[in-house]
Amino acid sequence: MKLYRKAHIRSVGRFLPEKVLTNKDLEKIVNTTDEWIVTRTGIRERRILEPGVGNSYMATRAAIECLDRAGVAPEAIDAIIVATVTPDMFFPSTACLVQRDIGAKKAWGFDLSAGCSGFVFALATAAQFIESGRYERVLAIGSDVMSSIIDYTDRNTCVLFGDAAGAALVEPCPEEGYGILDFILHCDGSGEPYLHMKAGGSRKPPSIETVQKREHYVYQEGRAVFKVAVTEMAAVTEAIIKKNGLRGDDIAFLLPHQANLRIIQACAERAGIPMDKVVINIDRYANTTAATIPLCLYDILYDTKRINKGDYIVMSAFGAGFTWGSILIKWWE
Ligand code: UT7
């Protein structure tokens, strides 16, 4: 009997919409400046999905690239988890649409709602299906069309978000001591008042009034969220490093959720990880909610090719709920 069974990420895929919305473009839409956005957030531009196609369009393309890179047929996939707060529709789930569109004939799947922590929650879940021995191949996808729930008359939120998808193929790790070693996940629903969508759900279904009051968009009290995000993302990052007998110095890459460059810097500093080990894409893509972390991984795996076998990687996220968590990986390749 094989005693060691950890999961690992075999390949990653992404989808970035072609349309670029720059800070200068936003200056023409709301009362903002490139200077304010760059200094307060680190964002320079973001991608926007063309109208008329939904989340599953992006998630499907990310999944196809991920499978192509591994040379794995869609028929070999056992399960698909899509982390998102912007599904094509309430039901069926985006995972079902991806299953159909990639031709994953034997797979089942579901959507997972954890805001900006979505990918971390999805990857931890996928890893459990692999570790249990039940499945051999699970797709964990983070995909959000934030432009579909953003009020482009509200300067507090419209400058912050972008659209993108990232997919990871999770399989059993072939070598002992490597793979997804640990995770720590949290949620605290007392965060609801500070980051939510006011209407459209069962408590307040859509009506002419909810549309007129612009309640179908992201509502965020930025300063309140900022404080908790800095504290908790730093704490959970430190916690997973310590729990596994490591120090900040041992970490090759921190892949943090990209909500604000200032949150990322504070988190890295508290965890003792120098900024040259922190992967940043917020300047190019803004906050893509569930997609930020797989996009970071794609960067070091394929764009800059910086990952080596044995590298310790920490993924850390914080988002609506509140939700937050970290994953520790020892990279195998
Ligand atoms: O990803 C999920 C979790 N989300 C987060 O982690 C986001 C956490 N929050 C943040 O990243 C920051 O709080 C924001 C980027 C959202 C805002 O930055 P801030 O430094 O906290 O600004 P603020 O909300 O305290 O606003 C400061 C000022 C205000 O003006 P007054 O009241 O001081 O006159 C805002 O009205 O900046 C103003 N402001 C803007 N000015 C120009 C807000 N948005 C803009 C804007 N352009 N786009």
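## The nonpolar core

A nonpolar core is a set of buried Ala, Val, Leu, Ile, Met, Phe, Trp, Tyr and Cys residues joined through side-chain atoms within 4.5 Å. Buried means under 20% relative accessible area, exposed over 50%, and partly exposed in between (1.4 Å probe, protein chains only). The largest nonpolar core here has 43 residues. Ile9, Leu123, Ile180, Leu255, Leu297, Met315 and Ile329 touch the most other members. Helix H5 (residues 118-131) gives the largest share of this core, 10 residues. Domain 1 (7-177) and domain 2 (180-330) both contribute residues, so this core lies between them. The domain bounds come from an automatic or database domain assignment.

## About the model

This is a predicted model, where local features need pLDDT of at least 70, side-chain atom pairs count only at pLDDT 80 or more, and totals for chains, interfaces and linings use all residues. Residues are numbered from 1 along each chain as its sequence is written, and side-chain values use heavy atoms, with hydrogens and water left out.

## Around the ligand

Helices (H or I, at least four residues) and strands (E, at least two) are DSSP runs, numbered from the N terminus.

A polar side-chain atom of Thr32 lies 2.7 Å from a ligand nitrogen atom. For Arg223, a polar side-chain atom lies 2.5 Å from a ligand oxygen atom. The protein covers 77% of the 950 Å² of accessible area that the ligand has on its own (Shrake-Rupley method, 1.4 Å probe).

Most residues other than glycine have a negative phi, and most peptide bonds are trans. The bond from Phe91 to Pro92 is cis, with omega near 0°. Pro92 sits in the loop between strand S4 (79-83) and helix H4 (94-102).

Ala286 has a positive phi, near 60°. Ala286 is buried, with a relative accessible area of 0%. Lys305 also has a positive phi, near 45°. Lys305 is exposed, with a relative accessible area of 64%.

How values were computed
Polar contact = N/O pair within 3.5 Å; in protein donor to acceptor, adjacent residues only side chain to side chain.
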